[in-house]
Amino acid sequence: MADSIFARIINGEIPTEFIYEDEHCVAIHDINPQAPTHVLVIPRRPIEKLSDAGPQDQELLGHLLLVVAKVAEQLGVADAFRLIVNNGANAGQTVFHLHLHIVAGRSFKEGQLTGGLN
Ligand code: AMP
């Protein structure tokens, strides 16, 4: 299967600013932001979607959540952000390389689950 756009961003083929990076993941601004802050945290390991993750990914998945908190802090939105993972085309996933959306800077109505994202 061809590399996803995120694999090509991670390997440097598509120059993109990393607002955070470490040996396990990167964070980039979403190209089509749905809110004033819309960042993607993307593992370097190419897991297609969350439901494909297994026990071997346990540490990585925990790491990604800690990075989300760190990036939210870095962006000044740690007190109010929404974290979204679209799993599967029918849930709105368009890039099949696991990624976590951090969305912040606009109001989220109580009970509004998706926050308008997909
Ligand atoms: P999803 O629909 O959950 O698969 O999310 C994919 C996200 O990737 C969308 O919000 C797109 O706007 C975003 N996206 C696609 N291509 C790029 C890119 N080259 N740089 C940054 N974000 C991108």
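Which share of the contacts in the protein chain with a separation of 6 or more comes from residues 24 or more positions apart? It is 53%. Contact here means heavy atoms within 4.5 Å.

Ground rules next. This is a predicted model, so local features need pLDDT of at least 70, side-chain atom pairs count only at pLDDT 80 or more, and totals for chains, interfaces and linings use all residues. Residues are numbered from 1 along each chain as its sequence is written, and side-chain values use heavy atoms, with hydrogens and water left out.

Now the fold. The protein chain has 2 helices and 5 strands. Both are DSSP runs, numbered from the N terminus: helices are H or I with at least four residues, strands are E with at least two. Reading from the N terminus, the order is α-β-β-β-α-β-β. The radius of gyration is 14 Å, close to the 13 Å from the globule rule for 118 residues, so the chain is as compact as a globular protein of that length. That radius is taken over C-alpha atoms, and the rule is 2.2 Å times the number of residues to the power 0.38. Along the principal axes, the C-alpha atoms fill a box of roughly 40 × 30 × 30 Å.

Of the 118 residues, 41% count as buried. Buried means under 20% relative accessible area, exposed means over 50%, and partly exposed lies in between, with a 1.4 Å probe and protein chains only. The accessible surface of the chain is about 6,900 Å², and carbon and sulfur atoms hold 53% of that. The areas come from the Shrake-Rupley method with a 1.4 Å probe; for residues, only the protein chains shown count as cover.

Start with Ala-27, in strand β2. Buried or exposed? Ala-27 is buried, because its relative accessible area is 0%. Leaving aside neighbours within four places in sequence, Ala-27 has contacts that include Phe-18, Tyr-20, Leu-40 and Val-71. Ala-27 and Leu-100 are 73 residues apart along the chain, with 9.2 Å between their C-alpha atoms.

Then His-29, also found in strand β2, which covers residues 25-29. His-29 counts as partly exposed, because its relative accessibility is 42%. Beyond four places in sequence, His-29 touches Glu-17, Ile-19, His-38 and Val-39. Val-39 sits 10 residues from His-29 in sequence, and their C-alpha atoms are 4.4 Å apart.
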